[in-house]
Structures are given as C-alpha cells and as structure tokens.
Amino acid sequence: MNDLFNLRGKVAVVTGGSGTLGGSISKYLAANGVKVAVIGRTQENVDLRLSKIESSGGEGIGLVVDVLNVEDLKKARQKIMNKWGRVDILVNTAGGNMPGATLTEQQTVFDMKIKDFNKVTDLNLNGTVYPSLVFGEVMGEQKSGSIINISSMATMSSITRVPGYSVAKSGVEIFTKWLAMELATKFSEKIRVNAIAPGFFISTQNEKVLLNEDGSLTERSQKVIAKTPMGRFGKIDELNGAVHYLSSEAATFVTGTIIPVDGGFSSFSGI
Ligand SMILES: NC(=O)c1ccc[n+]([C@@H]2O[C@H](COP(=O)([O-])OP(=O)(O)OC[C@H]3O[C@@H](n4cnc5c(N)ncnc54)[C@H](O)[C@@H]3O)[C@@H](O)[C@H]2O)c1
C-alpha cells in the first residue's frame, strides 16, 4: 500500500460542517486521521457533529462562525492555528438555496425580491470567497494546501426557479479557477483549488422541493431522476471519495478543475 491517499495528520476546515453533505465530509475526514475544524452556525449543530467525530475516535473542534463575517473567520483561524498550527484542507460546503430565493411554479423572475437575490448570492458566492481568503492565506504562508469548493448542476445549464443560486455557484466556479491560478503562480504549485459539482442529494435545504410530505417524489424530482442516467439521488456519503482524492497526494497535478459527482446528470442530454 503506498501513501498516495494517506491523509493522516492533516488539518481540515469544513464550513457548513454540521450540515448534510458537510457533516458527512467532516466525519469521513476525521475517520481517515484528519483533524477537523467544523464550522457551523449554531452551537447545538456543531456540538452534535463534533460528538459524532469524537465517538468514532476522531479529533476535531467545533466553531460557531458565520462564513460571511470575515472578522469571526479570522478569530476561528487563530483558534485553529493555536491548536494545530496549520491548515491543509479547506472544504467550503456552507451554502444552499433559500425559500425566498426559490421561485414558486407560479412566479416569474420579475416576482423575485432583490433582498432574497442578494441573500442567496451573498451566501453562495461570498460564503466561499471569504473563508478561501482567510484560510488560503495560511496555505500561502505554508506553501501548501488544498481548497475544495462546492458548486452545483445549476452552473452547467439553466435550472428553473433558482436564478440567484445559479449565478452564485457559477461565480464559485470561476473563482475556483481564478484562485487556482493565483495561488499556484504567486505562492506555490503545492496549493491547489478545485470544486466538486454535486448532482442531486436529498438534504435539509432541498428536501421540501424534492420530496412530498409522504416521502414520494415531487414532479420536480421526477424530472431530476429522469435526467440522471443512474436513476437515483446521490447518497450523502458519495462526495467523500472526491474530497479524499482532491485532499490527497493523488491529486498533486490537479488544480482549477470542477468535478461533477452527479450520476451522469451533466453528461446526459435527457433524450
Ligand atoms: N444537496 C444537494 O443536492 C446539493 C447539490 C449541489 C450543491 N449542493 C451544495 O452543497 C453544500 C452543502 O449543502 P447541503 O445539501 O448539505 O445543505 P445543508 O443545508 O444540509 O448544509 C448547509 C450548511 O451550511 C450552513 N450554513 C448556511 N449558511 C451559513 C453561514 N452563513 N455560515 C456558516 N454556515 C452556514 C448551514 O447551517 C448548513 O449546516 C451547499 O453549498 C449546497 O449549495 C448541494
């Protein structure tokens, strides 16, 4: 067995680490010997995730931080540096759609409230940019690190009802490519920035749109499944392999990429 995929001893920060996908990623990294700082919005959720990490023998800390608050992100960075002295991996999972910013079937884009558009774009774009700047700076000093952003299928072609989210995630993709160039050329080729574009996974932020109250598929999710060659939603642990790869020595020549993990959704025309 070689060391290509060995993550033991690395330090990771996972924003949105108490959410559905971020929670699975945090637990998975900790189970692979990574020290994990879980960033979430409420103490209760962060503590819950941390207890899962610790009960399975992993090491972590939980930090309640709004990813849109740069000063609080810097305080979190200080705590992590005091405890572990470095940051090797940043996974930016904080984000998601919001009820106000998701148009109903009856609404048009002209019904959208600017306040809701601003909220969803702020979280999904700046909520990735700010932590990348705060923790990327540590990587710049270390001259090593891997930043993993989470994009979406909403960047590949238009998806009805979610204009703000689509615009923001498209911004995340070009920011991924831009920061990959910036850090490799001005700091070190050992700092890599990539994104994963998940297909459809049932989670806290989208279950009301994808599932009826009795658990059956909504009309919208039937369309999703019809355009997914694998014919199902992703299981929440199915991003972990891509995160592992991008965090590891197996990906030393990989930067600025967007990797779909989508059951074939983005490669299929639908007919
Ligand atoms: N579930 C899917 O099908 C899917 C598909 C494509 C992309 N994504 C993306 O994956 C990421 C994770 O989504 P999820 O489905 O696990 O949803 P989720 O709602 O379960 O997780 C999102 C997490 O982000 C946290 N968060 C939100 N705003 C925050 C803030 N200001 N500061 C700190 N934390 C904040 C939430 O508390 C939550 O824990 C999101 O970026 C989402 O857009 C999800």
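Domain bounds here come from an automatic or database domain assignment. On that basis the protein chain splits into domain 1 (11–199 + 237–260) and domain 2 (202–233). Their centres, taken over C-alpha atoms, are 24 Å apart.

Two housekeeping points. Residue numbers start from 1 along each chain as its sequence is written. The model is predicted: local features need pLDDT of at least 70, side-chain atom pairs count only at pLDDT 80 or more, and totals for chains, interfaces and linings use all residues.

Now the domain contact. 7 residues of domain 1 are in contact with 6 residues of domain 2 (C-beta atoms, placed from the backbone, within 7 Å). On the domain 1 side, that is 1 nonpolar, 6 polar and no charged residues. Gly counts as polar; Ala, Val, Leu, Ile, Met, Phe, Trp, Tyr, Cys and Pro are nonpolar; Asp, Glu, Lys and Arg are charged.

Next, the ligand. Where does it lie? Both domains give residues to its shell, so the ligand lies between them. 27 residues surround it, and the closest are Gly16, Gly19, Thr20, Gly95 and Ser203 (C-beta, placed from the backbone, within 6 Å of the molecule). α1 (20–31) and α4 (114–142) each give two or more residues. α1 gives the most, with 3. By class, the shell has 9 nonpolar, 16 polar and 2 charged residues.

Last, helix α8, residues 240–247. Ala242, Val243, Leu246 and Ser247 are buried (20 or more other C-beta atoms within 10 Å of a residue's own, all placed from the backbone). Down the axis of α8, the buried residues fall within an arc of 130 degrees, so they line one face. Their cover includes α1, β4 (89–92) and β5 (145–150).

Definitions and conventions:
Helices (H or I, at least four residues) and strands (E, at least two) are DSSP runs, numbered from the N terminus. Two residues are in contact if their C-beta atoms, placed from the backbone, lie within 7 Å. A residue is buried if 20 or more other C-beta atoms lie within 10 Å of its own, exposed if 12 or fewer, and partly exposed in between; C-beta atoms are placed from the backbone. The arc is that of the directions from the helix axis to the C-beta atoms.
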